[in-house]
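Hi,

Here is the structure I said I would pass on. Have a look at it first, and then read my notes below.

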Amino acid sequence: TERREAHERLAASEARHRLIAENTSDVVYDYLVQEDRFLYVSPRAESWLGVPARRFEEERGLWWELMR
């Protein structure tokens, strides 16, 4: 069906973007300004900042603490 095909295309697109984000030398993130929280932070954050990427998603304000 059309809906299933759209879902498959979306899943393939998400997989491509995740592959790029997880293998780039830059930090890639998705941040909701309205909610002041990260939805995603790439693994490169740990080598740059010494903090596991998942902590940015779990702990609001961590980014600002590190930038002081």
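At least two lining residues of the largest cavity come from each of S2, helix H3 (53–58) and helix H4 (62–67). Helices (H or I, at least four residues) and strands (E, at least two) are DSSP runs, numbered from the N terminus. Bear in mind that this is a predicted model, where local features need pLDDT of at least 70, side-chain atom pairs count only at pLDDT 80 or more, and totals for chains, interfaces and linings use all residues. Residues are numbered from 1 along each chain as its sequence is written, and side-chain values use heavy atoms, with hydrogens and water left out.

Back to that cavity. On a 1 Å grid over the protein atoms alone, a cavity is a set of points where a 1.4 Å probe fits but cannot get out, while a pocket is an open set with protein on both sides within 12 Å along at least five of seven lines; lining residues have an atom within 4 Å of a point. Points are joined across faces, edges and corners, and a volume is the space filled by probe spheres set on them. The count is 1 cavity of 30 Å³ or more, and the largest cavity has a volume of about 50 Å³. Its lining includes Tyr31, Asp36, Phe38, Phe56 and Trp63.

Most residues other than glycine have a negative phi. Asp36 counts as partly exposed because its relative accessibility is 33% (buried is under 20% relative accessible area, exposed over 50%, partly exposed in between, with a 1.4 Å probe and protein chains only).

Phe38 and Phe56 also belong to the largest nonpolar core, along with Val41, Ala45, Val51, Ala53 and Leu62. Such a core is a set of buried Ala, Val, Leu, Ile, Met, Phe, Trp, Tyr and Cys residues joined through side-chain atoms within 4.5 Å. S2 and H3 each give two or more residues to this core.

Which residues line the largest pocket? They are Glu14, His17, Arg18, Ala21, Val28, Tyr29, Asp30, Leu39 and Tyr40, around a space of about 180 Å³. H1 gives the largest share of this lining, 4 residues.

Cheers
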